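Here is a short tour to read with the model open beside you.

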Amino acid sequence: IIAMDIGLCILAMVVVFFILWWTLESLALALAALFMMVISLPIAMCFWKVFGSRILPYHALVGFLIVGIGTSNAFTFYESWRQSLLLASDHVTETWPTRFAWAYRRAFCS
């Protein structure tokens with residue numbers, strides 16, 4: 001059952017990748033979002049192991065949770081970035097760092 005669930009998790013990541021690519025209209029952003037999701041799992045497992053907890057087979061199902069949260073983060077930040085042109089003042093949109101900071105703060109509060 002676990003092997004089947006891992007296969008479904010991989011299928012979910014592939015489907016989410018294509019949805020990200022279509023929605024964000026950028027292969028680079030879709031790959032970056034997917035990388036963020038994939039790399040967070042081994043990092044979390046390392047912290048889990050460092051703090052003395054056992055890693056059990058059902059922890060592989062955490063991938064579904066990570067895909068959901070990562071996709072939500074990508075869409076939230078992308079929408080904040082797009083809104084920065086419409087809602088932010090002119091001095092915010094003058095440079096990319098100030099626009100990024102504005103979008104990051106807005107996404108964080110969402």
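## Helix α3

Let's begin with a length check on α3: its 26 residues, at 1.5 Å a residue, should span 38 Å, and the 36 Å between its end C-alpha atoms agrees with that. The expected span here is 1.5 Å times one less than the number of residues in the helix. Helices are DSSP runs (H or I, at least four residues), numbered from the N terminus.

Please keep in mind that this is a predicted model, in which local features need pLDDT of at least 70 and side-chain atom pairs count only at pLDDT 80 or more, while totals for chains, interfaces and linings use all residues. Residues are numbered from 1 along each chain as its sequence is written, and side-chain values use heavy atoms, with hydrogens and water left out.

Which residues of α3 are buried? They are Gly63, Ile66, Val67, Gly70, Thr71, Ala74, Tyr78, Ser80, Trp81 and Ser84. Buried means under 20% relative accessible area, exposed means over 50%, and partly exposed is in between, using a 1.4 Å probe and protein chains only. As background, an α-helix has 3.6 residues a turn, so residues three or four places apart point the same way.

## The largest pocket

The largest pocket holds about 400 Å³ of space. A pocket is an open set of points on a 1 Å grid over the protein atoms alone, where a 1.4 Å probe fits, with protein on both sides within 12 Å along at least five of seven lines. Its volume is the space filled by probe spheres set on the points, which are joined across faces, edges and corners.

The lining has 14 residues, and Asn73, Ala74, Thr76, Phe77 and Tyr78 lie nearest the centre of the pocket; a lining residue has an atom within 4 Å of a point. Two or more lining residues come from each of α2 (27-50), α3 (62-87) and α4 (96-109), and α3 gives the most, with 6 residues. By class, the lining has 12 nonpolar, 2 polar and no charged residues. In this scheme Ala, Val, Leu, Ile, Met, Phe, Trp, Tyr, Cys and Pro are nonpolar, Asp, Glu, Lys and Arg are charged, and the others, Gly among them, are polar.

## Rings and a charge

The structure holds 7 aromatic pairs. One of them joins Phe17 and Phe18 edge-to-face, 5.3 Å centre to centre with 65 degrees between the planes. Rings of Phe, Tyr and Trp (its six-membered ring) pair if their centres lie within 6.5 Å, and planes over 60 degrees apart count as edge-to-face. Phe17 is buried at 12% relative accessible area, whereas Phe18 is partly exposed at 47%. Together with Trp21, Phe17 and Phe18 form one aromatic cluster.

Over the ring of Trp81 sits the charged end of Arg99, 3.9 Å from the ring centre. For Arg, this calls for CZ within 6 Å of the ring centre and within 35 degrees of the ring normal.

Val16, in helix α1, is buried at 15% relative accessible area. Val16 and Leu34 are 18 residues apart along the chain, with 8.3 Å between their C-alpha atoms. Leu24, also in α1, is buried at 6%.

Glu25 is found in the loop between α1 (2-24) and α2. Although Glu25 is not a glycine, its phi is positive, about 60 degrees. Glu25 is exposed, with a relative accessible area of 65%.

Definitions and conventions:
Rings of Phe, Tyr and Trp (its six-membered ring) pair if their centres lie within 6.5 Å; planes under 30 degrees apart count as stacked, over 60 as edge-to-face and the rest as tilted.
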